[in-house]
Amino acid sequence: MTYKFDGFHGRALHELHGLPTEVRDGPLLERILDLLESPWDAVPASPGQSLVRHAFFGENQEGILTFLLIEETERLRIIDILWAG
């Protein structure tokens, strides 16, 4: 099953504008495309729940995405981005 991208929401929308173009159009985009195919390859944000997850991105894993899986509509929504690179 392939999830649909539901966009950047909340803090992620603001943080997206602060990312360098080469990060936004490279490793971030690549990771999002991977997650749409395999969202369960990311780790749960907290024990006991599975719909809010973290995924690392970047050559040295210097970025982290927090996303929400909306199973009813098969959508993936990015809610936070952290880039330490």
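Guide: The protein chain carries 7 positive and 14 negative side chains. The centres of the two sets lie 6 Å apart. Lys and Arg count as positive here, Asp and Glu as negative; His and the chain ends are not counted. Each charge is placed at NZ of Lys, CZ of Arg, CG of Asp or CD of Glu.

This is a predicted model: local features need pLDDT of at least 70, side-chain atom pairs count only at pLDDT 80 or more, and totals for chains, interfaces and linings use all residues. Residues are numbered from 1 along each chain as its sequence is written, and side-chain values use heavy atoms, with hydrogens and water left out.

Now the fold. The protein chain has two helices and five strands. From the N terminus, the order is β-α-α-β-β-β-β. Helices (H or I, at least four residues) and strands (E, at least two) are DSSP runs, numbered from the N terminus.

Next, the overall dimensions. The C-alpha atoms fill a box of roughly 35 × 25 × 20 Å along the principal axes. The radius of gyration is 12 Å, which agrees with the value near 12 Å for a compact globule of 85 residues. That radius is taken over C-alpha atoms; the globule rule is 2.2 Å times the number of residues to the power 0.38.

Of the 85 residues, 36% are buried. Buried means under 20% relative accessible area, exposed over 50%, and partly exposed in between (1.4 Å probe, protein chains only).

Here is the part to look at closely: Phe57. Phe57 sits in strand β3, residues 52-57. Phe57 counts as buried because its relative accessibility is 2%. Beyond its neighbours within four places in sequence, Phe57 is in contact with Val23, Pro27, Leu28 and Arg31, and also with Glu62, Gly63, Ile64, Leu65, Ile81, Leu82 and Trp83. Contact means heavy atoms within 4.5 Å. Ala84 is 27 residues from Phe57 along the chain, and their C-alpha atoms are separated by 11 Å. Across the protein chain, residues 24 or more positions apart account for 50% of the contacts with a separation of 6 or more.

Follow the chain on from β3. Gln61 is in the loop between β3 and β4 (63-70). Gln61 has a positive phi of about 60°, although it is not a glycine. Its relative accessible area is 47%, so Gln61 is partly exposed.

The next loop, between β4 and β5 (75-83), holds Glu74. Glu74 is not a glycine, yet has a positive phi of about 55°. With a relative accessible area of 31%, Glu74 is partly exposed.
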